[in-house]
Amino acid sequence: MNKIVFPILIVIILTGCNVLPTGIHKQPEGQIIFDGEHFNMLPSKYEWKEDDVEVTLKGSPNISEIADNFETLEVQKGDVLKFKIDNNPNSITATKMNEDGTIENVEMKDEKITMPSKEGYYIYELNAIWNKGKESFVFDVNVK
């Protein structure tokens, strides 16, 4: 009896492994690349809808609180930071929060952002959009 049950059990287990979904969605990550080093940006908001799965994660509405958890990058005036976001978003926009709390749109070119020409502390938020969702990423810099 064991000679029959054991092979059938193995076939069922192996078949089950092949039937399970292999394309489980993983939340995209974003990185800043500066001086050859990669720094993971912090997600602030995330929404994704795929097949019958819908995910909504809302971070703190205050990006200053999120930026507190990022290791502030020390950069020079005019330095260029490259960024990389998983899964090739359809569009990416960026904003910069100045020390006085004002927010400005940031020009990007070829997945690069040029740092301000004025010294100070700045918080950046990148908003990425895909066909199936969107996500915001936060990082901060100290421009010297």
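1. Strands β7 and β8 form a hairpin with five residues between them, and in the turn G101 has a positive phi of about 90 degrees; strands here, numbered from the N terminus, are DSSP runs of E with at least two residues. The pairing of β7 (residues 91–97) with β8 (residues 103–106) is antiparallel over four bridges, where two strands count as paired if DSSP finds at least two bridges between them. Within this pair, T95 has N105 in β8 as its bridge partner.

2. On provenance, this is a predicted model in which local features need pLDDT of at least 70 and side-chain atom pairs count only at pLDDT 80 or more, while totals for chains, interfaces and linings use all residues. Residues are numbered from 1 along each chain as its sequence is written, and side-chain values use heavy atoms, with hydrogens and water left out.

3. The protein chain has a mean pLDDT of 86, with 83% of its residues at 70 or more; pLDDT is the predictor's confidence in each residue, from 0 to 100. Over residues 1–22, however, pLDDT stays under 50, and the model has one contact beyond four places in sequence for this stretch, a contact being heavy atoms within 4.5 Å. Where pLDDT is low, the predicted coordinates should not be read in detail.

4. An open sheet is formed by five strands in the order β2-β1-β6-β10-β9, with antiparallel pairing. Its edges are β2 (37–40) and β9, each with a single partner strand, so one side of each is left without a neighbour in the sheet. Strand β6 (residues 80–85) pairs with β10 in the antiparallel sense over three bridges, and L81 stands opposite I113 in β10.

5. E125 lies in strand β11 (residues 120–130) and is buried, with a relative accessible area of 9%; buried means under 20%, exposed over 50% and partly exposed in between, using a 1.4 Å probe and protein chains only. The side chains of E125 and S44 are joined by a polar contact of 3.2 Å. Leaving aside neighbours within four places in sequence, the residues in contact with E125 include S44, K45, I63, T93 and T95.

6. Most residues other than glycine have a negative phi.

Notes: A polar contact is a pair of N or O atoms within 3.5 Å; within protein, one must be able to donate a hydrogen and the other to accept it, and residues adjacent in sequence count only if both atoms are side-chain atoms.
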